[in-house]
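This report describes a single protein chain for computational work.

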Amino acid sequence: MFNMLFGLKDIHTVIANQRKIGGAAEADSITLSSGEIYLNPVFTNVDFSKGQYVSIGFIDGEGQNIIAHVDQIAVIKGLEHKLICQLNNTYIKQMLVRDTLQYLQKLCEVNAGFVTKTFKKEALRLVQDISVNELNKHNISLPFPVEDKIIKLA
């Protein structure tokens, strides 16, 4: 899952397919043309109109939500698609772990008593995204066994 991203189209693809592929698009830093530098931005939105990218939204390492016009972007360094457990931005990492755990619990409630192939696949993808450690830390158990050796990434 250490996938290099190469531009706004890739960021948009990660955001649009987040439920299928998990994780998030994170960069080491983003520098705006005004000289402002934001560390560990996690991209939350890419807007485009009439076939052109217009603005991007991201949350920096301090939890600041920023929307910038694409013309304001000077440099984006170290852009990658990462699993939630691999994110360096602790603010968004905590938020995404919390949201994923809530979704996983609801998914288990809805599928109570029925461990179908589809349910198991989606639940395992969610666990892989946040790590088995987070699952254990929050005392959440799944209705099927999870092998630590296969899924543990962080």
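How many helices and strands does the secondary structure of the chain come to? The model is predicted, and its chain contains six helices and nine strands.

**Overall dimensions and surface**

The C-alpha trace spans about 55 × 30 × 25 Å along its principal axes. The chain has 154 residues, and 42% of them count as buried. Its accessible surface comes to about 9,100 Å², with 53% belonging to carbon and sulfur atoms. Where contacts link residues at least 6 apart in sequence, 54% of them join residues at least 24 apart.

**Charge**

Positive side chains number 16 and negative side chains 16. The centres of the two sets are separated by 9 Å.

**Aromatic side chains**

Four aromatic pairs are present in the structure. One of them joins Phe-48 and Tyr-53: the ring centres are 5.7 Å apart and the planes meet at 70°, and because an angle over 60 degrees counts as edge-to-face, the pair is assigned to that class. The exposure of its two members is given below.

| Residue | Relative accessible area | Class |
|---|---|---|
| Phe-48 | 46% | partly exposed |
| Tyr-53 | 29% | partly exposed |

Which residues form one aromatic cluster? The cluster consists of Tyr-38, Phe-43 and Phe-58.

Technical notes: Residues are numbered from 1 along each chain as its sequence is written. This is a predicted model: local features need pLDDT of at least 70, side-chain atom pairs count only at pLDDT 80 or more; totals for chains, interfaces and linings use all residues. Side-chain values use heavy atoms; hydrogens and water are left out. Helices (H or I, at least four residues) and strands (E, at least two) are DSSP runs, numbered from the N terminus. Buried means under 20% relative accessible area, exposed over 50%, partly exposed in between (1.4 Å probe, protein chains only). Contact means heavy atoms within 4.5 Å. Accessible areas come from the Shrake-Rupley method with a 1.4 Å probe; for residues, only the protein chains shown count as cover. Lys and Arg count as positive and Asp and Glu as negative; His and the chain ends are not counted. The place of a charge is taken as NZ of Lys, CZ of Arg, CG of Asp or CD of Glu. Rings of Phe, Tyr and Trp (its six-membered ring) pair if their centres lie within 6.5 Å; planes under 30 degrees apart count as stacked, over 60 as edge-to-face and the rest as tilted.
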